[in-house]
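This report concerns covalent and charged links between side chains. The sequence and the structure are shown first.

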Amino acid sequence: VILILTKLYDFNLGSVTESSLWRSTDYGTTYEKVNDKVGLKTVLSYLYVCPTNKRKIMVLSDPDRESSVLISSDEGASYQKFRLTFYIVSLLFHPTQEDWVLAYSHDQKNTKDKQTIKMKKKVKTLYSSMDFGRKWQLVHEHVTPNRFYWSVIGLDKELDLVHMEAHTVDGRAQYVTCRIQACSESSRNFPFPGYIDTSSLVVQDDYVFIQVTAAGRASYYVSYQREPFMRIKLPKYSLPKDMHIISTDENQVFAAVQEWNQNDTYNLYTSDTRGIYFTLALENVKTTRGLEGNMMIDLYEVAGIKGMFIANRKLDSQVKTYITYNKGRDWRLLQAPALDLAGNEIHCVLPFCSLHLHLQMSENPYTSGSISSKSSAPGIIVATGNIGSELSYNNVGMYISSDAGNNWRQIFEEEYSIWFLDKGGALLAVKQATVPIRHLWISFDEGKQWSRHSFSLVPLFVDGVLVEPGAESQIMTFFGHFSHHSEWQLIKIDYKSIFTRRCTEGDYQTWHLHNQRTCLKCTEILNSDVISKGEPCVMGEKQIYMKRRPGNHCMLEKDYSRILSAEPCICRASDFEWYRKVVSNNCTKGVKEIYTAKKQQCQVRAPKGLQLLTSEGKMTATLGTNVTFLVHLEEGDSMRTNIQLDFGDGTAVSYSNLTWTKDGIKHVYKSAGIFRVTALAENSLGFDSTSLYLHITCAVEHVHLLAPFVAIKNKEVNLTAVVWPSNPRTVTYFWWLSNSTEPIITLEASISYTFTVEGMNIVTVQVSSGNNILQDTKAIAVQEFFKSLLLSFSPNLDEYNPNIPEWRQDVGRIIKKALLQVSDFPEEQLLVAVFPGVPTAAELFILPNKNQSEGRKKSEEDLEHISAVLISALNQNLVEFELKPGIRVIVYITQLTLAPLVDSSPRHSSSAMLMLLSVVFLGLAVFLIYKFKRKIPWINIYAEVNHEKEQEMIGSVSQSESTPKITLSEFSTPKELKEKELDARVK
C-alpha cells in the first residue's frame, strides 16, 4: 500500500487551501482519492505511519482550520476522526509500543500584558497518548522543540519514561524526566542538578549530553548509562564554542567541536567508553549550511563497515577529502582513479593531487545526496567529486568505489542521483538536470557498465523517486511534473523483469575488507605519501564478506549480505590511541599488554591543585535551593586525603577521603548573603586549600524610596531605599539624582546628597538583585526656606484608608484642593503629603512664591501670613472634603508643633529646639498611652507584620535644626481598626 498526501498552496493567501489523500493497493499502478474517508472539506497537513506497525496511520488536519487527528488501523482504508483541544506540530512514536505517541504542540493561551489587554500566547507543550491518538493527556508545558525523547530500551527502567528539556517560569531550561502517566510536579525528576543551556539536551543510546554556559564559557556534561553527570574533558585550551554529537555507536562518542579560534570549521574528537575523555581525531573539518540554515559537518559515515568515515578538511585555505578505517585514529587522502571514462591515464600523484568528494546528505527522503552507501551493499560508495589539488564545485563527475574507498572509478562526467536497487544488487542513476528527462541508467556490475532505459514517453522534471516501498517488491515510483504549470505525475516502474532469476550459491563470492594504503606514522598522514600496500586488518580483525558477483543478473536473497568471517588480528601500535585501544577494535595479544593502561599503586604525595566549584559553574545561587559543590584534586592520594568543606555560614563537613565527594557535596543556605566557602585537603605529607565566594540571593519583591518631600537648598539630605525581603550584601543600588546622566552606585541602602538647584528634583533608585531589577522614583521640592503644618482628620477617613500609595496621592490632591477653596493663595505654594498607616495623618508644606521679586524678609512674612490664614481656617473646621457621597471628612491642624519657619540659616537655638522636641515627644507618648492604650504606633513593626511594601515617608529635613515633626501611624489589628473610640485631633 502506498499513501500520498498532496496540498495546494495559495501564494496570495499564504496558506494551504486544498489537500488530497491518495491510496494505492497495487504498488502504484492505480491510485484512489480517499478524501471522502477523511471528510471532503477537511484540509490535511501531515501524514504519519507507525514505524512498528505499518498498518497504523495517523493524519493531522491543517491547524489553521481545525485541530483534529484521523486514525486508521487498516493501512488507510478507513479513518476515525478525533477532535483535539490543542494543535499538533510534530509526533514522536515509541520505539517498541505501537500505540504510544508523543505530540508536540503550540497551545494558544490567554495572557495579559501590562495594560491588561488579553493576548494569545503560544505555549510549547508536550502531550502523550497510549491508544494511538484517541485520548491525550498533558505531559509538560514549556518544552523545547525537538528536545524530547522516549526511554531507551534496555537502559531506562520504565518503558513510558520521557526525557525532555523544559523551561521554568523565568525562562531557564532544565533536564526533566517523568512517566507520561504521572508527570505532576511531585513526580518529576531532575537528573542534572542545575539549569542547562536551551536546546542542548541530547539523549542518544547510552548517553545523555547537556551544555552549561557560565561567564561566557561553555561546558559540556555527559551521563553514561544514566550515571551522575560528569564534565566532558577536552584539551585544556580548546575552549569550545559549539559541539555536535555525530555518533554514539559501539560505546563511543564521535563529536565535532568548534573551538574558540574557528568560524567555519570544526575539530573531530573521539571519546572513551563513558564519553568523558576526548582525543583529537581530525582538525578543521569543513562545514556547510543546509537549506533551512542548519549547520552541517562535512563528515560521512560509510554504511555497513565499522569505523569508516570520510571527511573534508580545510588546510591552508584548501579543502581536501580524507578517509579513515579506524574511527579517526589514522586518516589519508583518497587515491584518484588511474584512468578517465575514455580510458586515458590520469596523472594525479599524492599528496599534491587526489580525489575529493562532496559529502552532503539529502534532507529529502525521496532524493539522493551527493554521496551514498548501503549497509546491505558493503564496500560500495558512490559520490559526486572532482580530481585535483582541492575540493571544487566545477568540473565535477560521479565516482564509485567497490572496495570500501581503496580504489575509485569515474562513472559519469556530470552529476547524477544514485539509488540502490534490490538491496544493493543493482544501481539506478538519474541525471540531475534543470530540464526534463526521460531516461534512467541501471548497472549490475557495481558501476562498470550501465544500460539506458526510457521511463516516460514525455520528458519529466523529476522531483523524487520512491524506491522499494515493500520489502519483497521490485517497484520504484518516479514523481514530478511535465512543466512548471502542470499537475504532479506519478510513474510506476516494475524492474523485476530485468532480473533473469533468483541468485543461487554460485552467484556469490567472498570479498576481503582491507585498507590498501595506511600511514606509517600518525604525524605523516596528512603530509606524506609514505604508504604500505594491502593492510588486511581493519579495526583489529580480518573481515570477509559474502556478496553477489558483479554482472550476474540474478535477484538477491533477503539476507545475502553478511560477514562470512571475522578473525581477530594481532595488536599493533596503530590499534591504540595514546594508552587506550581504539574503541570497538577487536585485536588481541601482540602489543596489547604494552599499550593497555595498568592500575598502579600511587605513591603518597601532598595534596596539590585543589579545585572547588559549584555543579552549575556559577558563583550565585537562590536562597533555599540545593547548592552542589564539586571538589577536585589534581595531585595527591584521593584515598588517603581528608577533605573538609566550610560553607561559610557556621556549618562544615568532613570526609575521610575524596571518593566520598564524587557525587558532589550538597548544602542549603538559610539566609541571603555572600559566603566564603573553603575547601581543605590534608594528609600526612601536607595540605592544600582553596576558597570561593558564593552569593546567595533572594529575589527583591518591592523597593520603596524614603525621601523628604521638601529639602533645603545646599543642605545634605538622606535618601534610603527599603527593600523587601531584606538582602544584606547581595543588592546593588543605582541612584539617579536630578538630571544626572550617570548613576551613583552603592552597596549600601542609603546615601547623603546635597541639592544645589531650587525647584522639583527627581530621584530614582534602582535595586539589582540577581537577574531582577526594581526601581522607585520620588519628586523632591528644593527651597531655601519653607513652613510646614501637621494635619489630622476626622476618624471616618480611617475606615476608607486602604493604606496604599495611590490612595494617599489621590487624597493628598483632594486635601490641597480643599485648602485652596478657603484661601486665594497660588496652587504651587502648597504641597500636601499623606503619611502611611492609620490614624491618617498628613503634612502641609507652604513654599515661597517663585515669582516674588521682593527680598527674603518679605517672602518670610508672606509664608507667616499664609500659615496664619490656613491655621485659622483649620481651627474653625472650615476645611473639609467629600470622600464619597454622604461621607464628609474634616481636616484639622495637629496642635503638637508650632511649625516654625524652616530655612538654611542657623537662627534658632539648638538647645531650645531640642527641649521643644523633647517636650513634644513626651507629651505625645503620654497622650498615646492614655488614649490609645495598647496601640503603639511603631512603623517598623507595622511594616514587618503586615509586609507593608511602602515604608514611612519622610517630611521635611534640615541639617542645622531639628524641626519637630510628628508622623502618625499605628500598629493595629483589623478588630482594633473598628474600635474608633477617639477623635483623631489632639486638643
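## Side-chain links in the predicted model

A salt bridge brings together the side chains of Glu250 and Lys327, with an N to O distance of 3.8 Å. Glu250 is placed in the loop between strand 19 (242-247) and strand 20 (254-258), and Lys327 in the loop between strand 26 (318-324) and strand 27 (332-333), so this pair ties together parts that are 77 residues apart in sequence. Glu250 is partly exposed at a relative accessible area of 34%, whereas Lys327, at 4%, is buried. The model is a predicted one.

### Further salt bridges

The structure holds 25 salt bridges. In one of them, Arg83 pairs with Glu66 at 2.5 Å, N to O. Arg83 belongs to strand 7 (residues 80-83) and Glu66 to the loop between strand 5 (57-61) and strand 6 (68-72), so the contact ties together parts that are 17 residues apart in sequence.

Another salt bridge is formed by the side chains of Glu827 and Lys816, at 4.0 Å from N to O. Glu827 lies in the loop between helix 3 (805-821) and strand 66 (830-834), and Lys816 lies in helix 3, eleven residues apart; the pair links distant parts of the chain. With 49% relative accessibility, Glu827 counts as partly exposed; Lys816, with 19%, counts as buried. Salt bridges with shared partners also join Lys56, Glu98 and Asp99 into one network.

### Disulfides

The count of disulfides comes to five. Counting bonded cysteines along the protein chain, their pattern is 1-2, 3-4, 5-7, 6-8, 9-10. The table lists sulfur separations for pairs including the following.

| Disulfide | S to S distance |
|---|---|
| Cys348 and Cys353 | 1.9 Å |
| Cys503 and Cys554 | 1.9 Å |
| Cys537 and Cys569 | 2.0 Å |

What is the handedness of the link of Cys348 and Cys353? The link is left-handed, with -105° about the S-S bond. Cys348 and Cys353 are each buried.

The link of Cys503 and Cys554 is right-handed, with 85° about the S-S bond. Cys503 sits in the loop between strand 40 (501-502) and strand 41 (508-512), and Cys554 in strand 45 (residues 554-555), so the pair ties together parts that are 51 residues apart in sequence. Both cysteines, Cys503 and Cys554, are buried.

For Cys537 and Cys569, the value about the S-S bond is -100°, and the link is left-handed. Cys537 counts as partly exposed at 22% relative accessibility, whereas Cys569 is buried, with a relative accessible area of 4%. Cys50 is buried as well, at a relative accessible area of 1%.

Definitions and conventions:
Residues are numbered from 1 along each chain as its sequence is written. This is a predicted model: local features need pLDDT of at least 70, side-chain atom pairs count only at pLDDT 80 or more; totals for chains, interfaces and linings use all residues. Side-chain values use heavy atoms; hydrogens and water are left out. A disulfide is a pair of cysteine sulfur atoms within 2.5 Å. Buried means under 20% relative accessible area, exposed over 50%, partly exposed in between (1.4 Å probe, protein chains only). Helices (H or I, at least four residues) and strands (E, at least two) are DSSP runs, numbered from the N terminus.
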